[in-house]
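Keep the viewer open while reading.

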Amino acid sequence: MEKLFNSILDQSTYEAAKVDLKTFLICTGVAILLGIVIALSYAIKNNNCSRNFIISIATLPVVVEVVILLVNSLTTGIAIAGLFNLVRYRSIPGNSREITNVFMATVAGVTVGTGYIAYAVLFSIIVVAVNFVVSCTSLGKESSRVKTLRITVPESLDFEGIFDDIFDKYTTSREVIRIKTTNMGSLYQISYNIKLKSGVSEKEMIDEIRVRNGNLDIVSTKPEQNANML
């Protein structure tokens with residue numbers, strides 16, 4: 001049983017960077033399989049994932065594996081793999097879940113590249129299972145009562161505290177997260193993070209706010225926050 005978790009690479013062969021075709025095909029095949037499994041596990045419970053990101057996750061393990069496998073030593077391989085940090089594979093910073101999946105794919109590739117096939121498979125199974133179980137629970141999910149409310153008011157209106165009584169009536173908490181001018185400075189846009197009370201009508205709250213802000217734009221969206229960012 002212990003031999004199953006030993007590296008399939010001979011140390012002397014590995015240090016000399018001479019890998020036979022059979023070993024290369026086995027390691028590469030496993031890395032591709034693990035990349036696909038990790039990519040699919042991410043996509044199943046994430047409706048907002050991009051196709052480019054899924055492809056990147058699926059191919060990352062085999063890229064790292066080949067780098068580690070074919071260089072002169074593990075130290076050199078890790079140094080070369082570190083160069084990937086200099087390349088931005090996305091134009092938009094990823095959230096914590098995406099970054100975690102990038103690390104998962106990288107670790108799987110490094111593990112396969114050093115010949116520890118069984119460890120790579122075991123690692124991927126454990127992490128994918130944990131991700132799937134946590135994704136199926138309500139842990140960390142946003143409440144439908146938590147909103148970001150953007151209220152536009154005219155420049156002439158003293159907006160400080162003007163909506164407090166309305167928020168006291170309909171919300172359990174509110175926080176101003178942004179105030180900015182718009183329309184050449186003739187309007188203000190105030191953004192609040194709010195949590196609605198149970199059973200209240202969001203429409204009624206917005207209708208009361210419209211009376212105060214002169215029937216200008218009011219936008220209710222999912223909360224703005226950095227909880228997903230590392």
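Which elements do the buried residues of α8 pack against? They pack against β1, α7 (164–170), β2 (171–182), β3 (187–196) and β4 (218–221). Bear in mind that this is a predicted model.

**Helix α8**
- Helix α8 covers residues 202–212, and its buried residues are M205, I206 and I209.
- Seen down the axis of α8, these buried residues fall within an arc of 95°, so they line one face of the helix.
- An α-helix has 3.6 residues a turn, so residues three or four places apart point the same way.
- K203 and V211 are exposed and sit on the face of α8 turned away from its buried side.
- G214 follows α8 and has a positive phi, near 75°.

**Strand β1**
- T152 belongs to strand β1, residues 146–154.
- T152 counts as buried because its relative accessibility is 7%, against a cut-off of under 20%.
- Leaving aside residues up to four places away in sequence, T152 touches L187, Y188, Q189, N213, L216 and D217.

**Helix α2**
- Helix α2 spans residues 21–44, which is 24 residues.
- At 1.5 Å a residue α2 should span 34 Å, and its end C-alpha atoms are 34 Å apart, which agrees.
- Buried residues of α2 include T23, C27, V30, L34, I38 and Y42.

**Nonpolar patch**
- I32, I36, L40, I44 and F132 make a nonpolar surface patch of about 460 Å².
- α2 gives the most to this patch, with four residues.
- I44 lies in α2, and at 55% relative accessibility I44 counts as exposed.

Notes: Residues numbered from 1 in each chain as written. Predicted model: local features only at pLDDT ≥ 70, side-chain atom pairs only at ≥ 80, totals over all residues. Heavy atoms only, no water. Helix = DSSP H or I, 4+ residues; strand = E, 2+ residues; numbered from the N terminus. Expected span 1.5 Å × (residues − 1). Buried < 20%, exposed > 50% of the residue type's maximum accessible area, 1.4 Å probe, protein only. Contact = heavy atoms within 4.5 Å. Patch = residues over 30% accessible without salt bridge, like charges linked within 9 Å, V, L, I, M, F, W, Y side chains within 5 Å. Areas by Shrake-Rupley, 256 points an atom, 1.4 Å probe, with all protein chains shown as cover. Salt bridge = Lys/Arg side-chain N within 4 Å of Asp/Glu carboxyl O. Arc of directions from axis to C-beta.
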